[in-house]
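Colleague: Please show me the model first, and then I will ask about it piece by piece.

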Amino acid sequence: MASTGYEVARRLEGGELKGGGMSKEAQHGHGHTHGRTAHNMSSSSLRKKSDLALVSKVRCRFLRALLANLQEIFLGTKLFVLFPAVPLAVAASYFNFGRAWLFALSLLGLAPLAERVSFLTEQIAYYTGPTVGGLLNATCGNATELIIALFALREGKIEVVKCSLVGSVLSNLLLVLGTSLFFGGLANLHKEQFYDRKQADVNTGLLLLGALCHILLLMFGYVMNSGEHPAVDAVRRLALSRACSVVMLLAYVAYLFFQLKTHRRLFESKEGDEDNDGGVSEDEPVIGFPSAVAWLAGMTAVIAALSEYVVGTIEAASDSWGISVSFISIILLPIVGNAAEHAGAIIFAFKNKLDITLGVSLGSATQISMFVVPLSVMVAWIMGIEMDLDLKLLETGSLIMAILVIAFTLQDGTAHYLKGLVPLLCYIAIAACFYVYRSPDQTDKGGALITAA
Amino acid sequence: MASRGYEAARSMEAGNLKGGGGGGLGKEVHHGHGRTAHNMSSSSLRKKSDLSLVSKVRCSPLRAFLANLQEIFLGTKLFVLFPAVPLAIAANYFHFGRAWLFALSLLGLTPLAERVSFLTEQIAFYTGPTVGGLLNATCGNATELIIALFALRQGKIEVVKCSLVGSVLSNLLLVLGSSLFLGGLANLHKEQLYDRKQADVNTGLLLLGALCHILLLMFRYAVNTGEQAVDAAPTLALSRACSIIMLLAYVAYLFFQLKTHRRLFESREEDDEDDDDVVSEDEPVIGFASALIWLVGMTVVIALLSEYVVGTIEAASDSWGISVSFISIILLPIVGNAAEHAGAIIFAFKNKLDITLGVSLGSATQISMFVVPLSVIVAWIMGIEMDLDLKLLETSSLIMAILVIAFTLQDGTSHYLKGLVPLLCYLAIGACFFVFDSPADQINDINAGVLTTTAAVTKAY
């Protein structure tokens with residue numbers, strides 16, 4: 001009594017069981033034409049095999065297809081437990097729960113949504129081919145950070161934008177990479193851990209370019225404030241920021257060209273996989289193209305709504321919980337927003353597939369630093385908002401040191417757990433720094449904390 | 001009816017044609033001539049001298065003289081810029097616009113710098129490898145040195161510092177970046193390798209120089225914020241001490257490069273299947289006495305043009321509407337380095353990255369560890385107070401440039417993105433100094449009455 005929908009479902013299920021985890025050797029031939037970057041493969045480790053047995057019992061074919069679709073979308077990830085936070089957040093907004101609650105629920109709701117957006121991007125990549133798929137992933141891979149930044153810009157909270165973006169880069173570079181290398185090193189204590197350092201070098205070079213631009217702006221700000229050169233003012237700093245943003249975007253375009261066209265080989269996963277891990281990796285897409293696009297649009301809209309709540313309630317949460325806005329923007333926001341990628345990176349490090357781990361963490365850091373940051377400056381320019389690239393002293397100093405630590409850590413192509421522990425402890429030190437740091441708007445002239453305004 | 005001069009010319013020409021072929025850059029037997037990467041790079045801009053025209057002249061000394069002249073003046077593809085030299089002198093005497101004098105002098109310096117390099121190489125044939133290498137190490141950046149000394153004499157210490165920092169940045173980021181970028185695009189599907197040991201030596205020395213500059217900068221900040229209760233005098237003493245250290249390092253580097261670890265710095269390519277139109281001689285093409293005279297003469301002309309350049313830099317800045325910083329840091333080095341730059345790119349196209357690195361990194365090290373401390377010492381002798389304290393922007397640009405290059409070159413391979421990143425860094429630094437105004441412009445603003453309003457606005461911050 002098999003109908004077409006049932007057959008598709010069965011074949012998918014059978015395909016999953018047969019396709020056997022991550023064996024990519026035979027599939028690389030056509031596998032990478034699906035634009036599976038390290039980013040996609042990492043997220044796929046959080047997928048669950050959809051058990052379509054229950055759905056297949058439904059008689060009505062249309063309803064069955066819809067339910068299969070829904071099951072794939074909503075239950076296809078281990079993070080689905082966080083999904084209820086989304087409607088709860090919406091409810092919190094309308095029924096005026098505490099604003100701190102709204103902040104927390106929105107933040108929690110963003111985690112599974114970010115993962116689903118990555119999944120949908122991967123599905124769409126099946127239909128559009130490797131180059132467009134890679135481009136899509138490169139643009140939407142950090143959709144959450146981008147959307148939060150744009151909303152914060154719109155509300156004029158420029159410091160939140162800068163802090164959250166710096167925090168994302170720091171989180172990717174130190175926290176995600178550090179924990180992955182640490183746990184991976186402990187799990188593979190007696191094995192050799194290798195990765196291709198060329199990929200790390202490319203990312204490090206671009207991150208250093210971004211850091212150079214930030215340093216130039218910071219020094220510019222200092223010269224400006226010292227008053228030695230009256231002609232050096234904020235207008236010029238803004239002009240320099242915008243020029244540097246253009247330079248950074250040029251570099252990012254060249255990086256995409258390098259990664260997707262001319263030196264593809266450097267970025268493909270090289271492992272032959274013997275073991276069938278619990279990760280679901282399909283050769284074929286599991287949902288249709290229009291369906292994927294519709295869900296992508298819908299989820300992005302929900303992410304936008306939740307991001308608006310997050311940005312709007314950040315000060316209230318800061319007052320309510322007694323921690324500075326800097327700490328929330330730099331530490332908390334990125335940790336939660338990045339949770340899916342983080343988990344994926346750790347899982348692949350456990351399996352000693354460090355190329356994927358590096359691709360995820362370094363690639364995200366490069367994307368945010370060289371794409372999202374200058375894009376925010378450009379968008380602010382269009383919106384008439386004066387955002388520049390001048391992060392403050394602490395943030396710039398942390399960024400530089402983080403890049404240097406990672407550059408030195410990754411320079412020899414091997415890894416062990418201490419190589420992961422060092423960046424991890426760096427991150428804890430930076431977090432401690434921002435924990436005790438009170439930003440100027442929260443303290444009055446005497447240094448005392450201003451209570452909720 | 002062949003006289004000795006004619007025979008010499010003929011054998012030279014034959015030598016050119018022969019030497020320019022397969023012998024090319026196979027340097028296994030040619031080390032004795034002290035051909036460093038610097039020389040080889042400049043040689044890519046040489047042209048084969050066509051002596052057929054000269055050989056028709058009957059009178060033998062005249063023929064030799066004309067052959068000499070042809071070798072000197074027409075032996076480079078940059079000869080088109082030579083007319084700028086007499087034009088610059090004319091501009092000075094007939095009082096053309098001072099901005100014109102600046103531009104013409106700058107343009108005239110380019111071919112002269114290349115010819116000095118050529119003459120140094122010729123002299124090296126006669127003096128042996130070590131002295132030749134030393135000569136090259138000293139005169140290789142003669143232009144920057146002479147400009148620095150003239151600027152010192154006119155008391156323009158900021159111009160000295162800016163032009164030297166600009167030279168280092170230009171060599172590290174612009175020359176190296178554009179070479180690696182274009183070379184990477186041209187050799188898209190080939191392996192691009194180089195020996196990283198050479199890069200490491202240079203990077204280490206550059207970091208030493210950067211340390212000295214940072215110490216001076218931080219010293220000034222510590223003094224200004226009141227952490228240390230000292231006055232300005234120790235800054236000068238510290239600068240002079242650091243300069244001596246830097247010169248010591250440079251001497252050691254020369255010893256390392258020319259005596260004990262020569263092998264590291266020699267070009268490794270043995271296969272030269274393609275006959276590029278590079279002229280590379282086994283023998284010198286002009287006599288020793290002739291080379292010396294020309295070298296002295298050209299140095300004098302370089303000195304003259306440098307004096308014009310240094311004297312008219314503010315006028316050009318006003319006339320063109322860009323800051324003196326920008327001219328010193330960006331424009332001056334780009335034009336002064338043009339010959340080396342072109343050579344480095346050509347060798348990168350041919351996938352001979354060791355030579356490219358030798359040229360760019362070697363120049364940067366030379367300027368940072370020789371010309372800069374030498375300027376401080378010379379200033380000391382002249383009684384001028386020059387210290388090693390570059391300002392905040394310049395020092396941080398320098399540090400980041402060295403870091404970017406150190407990380408880029410640390411694995412011994414290259415591709416076009418490795419060249420694009422330093423190039424974009426240079427673009428960002430150039431943009432920074434473009435919007436940055438130096439105090440000299442402040443004076444003009446005062447005259448224009450603009451200063452009062454801007455001062456009021458900035459005070460509000």
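Predicted model: local features only at pLDDT ≥ 70, side-chain atom pairs only at ≥ 80, totals over all residues.

Colleague: Which residues of helix 15 of chain B do residues in helix 9 of chain B meet?

Modeller: Residues are numbered from 1 along each chain as its sequence is written, and chains are lettered from A and ligands numbered from 1 in the order in which they are written. Helices (DSSP runs of H or I, at least four residues) and strands (runs of E, at least two) are numbered from the N terminus, and contact means heavy atoms within 4.5 Å. From helix 9 of chain B, Q198(B), A199(B), N202(B), L205(B), L206(B), L208(B), G209(B) and H213(B) meet D354(B), L357(B), G358(B), L361(B), G362(B), A364(B), T365(B), S368(B), M369(B) and V372(B).

Colleague: How many residues of each class does the contact of helix 9 with helix 15 of chain B have?

Modeller: The classes are nonpolar (Ala, Val, Leu, Ile, Met, Phe, Trp, Tyr, Cys and Pro), charged (Asp, Glu, Lys and Arg) and polar (the others, Gly among them). Sorted in this way, the contact between helix 9 and helix 15 of chain B has 9 nonpolar, 8 polar and 1 charged residues.

Colleague: Are helix 9 and helix 15 of chain B roughly parallel or antiparallel?

Modeller: Two packed helices are described by the angle and the distance between their axes. An axis is a line fitted to C-alpha atoms, for helices over the stretch in contact, and the angle, from 0 to 180 degrees, is taken between N-to-C directions; under 35 degrees counts as roughly parallel, over 145 as roughly antiparallel, 65 to 115 as roughly perpendicular and the rest as oblique. The axes of helix 9 (residues 196–224) and helix 15 (residues 353–382) of chain B come within 10 Å and cross at roughly 25°. That makes these two helices of chain B roughly parallel.

Colleague: Where is L119(B) found, and which residues does L119(B) touch?

Modeller: L119(B) sits in helix 5 (residues 98–127) of chain B. Buried means under 20% relative accessible area, exposed over 50% and partly exposed in between (1.4 Å probe, protein chains only), so L119(B), at 0%, counts as buried. Leaving out residues up to four places away in sequence, L119(B) touches I72(B), I286(B), A291(B), W294(B), L295(B) and M298(B).

Colleague: At what angle do the axes of helix 15 and helix 16 of chain A cross, and is the crossing left-handed or right-handed?

Modeller: The axes of helix 15 (residues 339–350) and helix 16 (residues 354–383) of chain A come within 7 Å and cross at roughly 155°, and the two helices are therefore roughly antiparallel. A crossing is left-handed if the near helix is turned anticlockwise from the far one by less than a right angle, and right-handed if clockwise. For this pair in chain A, the angle is roughly 155° and the crossing is left-handed.

Colleague: Which residues of helix 16 of chain A meet helix 15 of chain A?

Modeller: Helix 15 of chain A contributes E341(A), A345(A), F348(A) and A349(A). Their partners in helix 16 of chain A are L354(A), I356(A), T357(A), V360(A) and S364(A).

Colleague: What is phi of N352(A) near?

Modeller: N352(A) is in the loop between helix 15 and helix 16 of chain A, and it counts as buried because its relative accessibility is 17%. Most residues other than glycine have a negative phi. Phi of N352(A) is positive, near 60°.

Colleague: Where does N351(B) lie, and what is its relative accessible area?

Modeller: Phi of N351(B) is also positive, near 60°. N351(B) lies in the loop between helix 14 (338–349) and helix 15 of chain B. N351(B) is buried, with a relative accessible area of 18%.

Colleague: How many of the residues of helix 14 of chain A are buried?

Modeller: Helix 14 of chain A covers residues 325–337. Among its buried residues are V325(A), F327(A), P334(A) and G337(A). Helix 14 of chain A is mostly covered, and the count of buried residues is 10 of 13.

Colleague: How many helices and strands are there in chain A and in chain B?

Modeller: Of the 453 residues of chain A, 60% count as buried, and of the 461 residues of chain B, 58% do. Chain A has 18 helices and 0 strands. Chain B has 19 helices and 0 strands.

Technical notes:
Heavy atoms only, no water.
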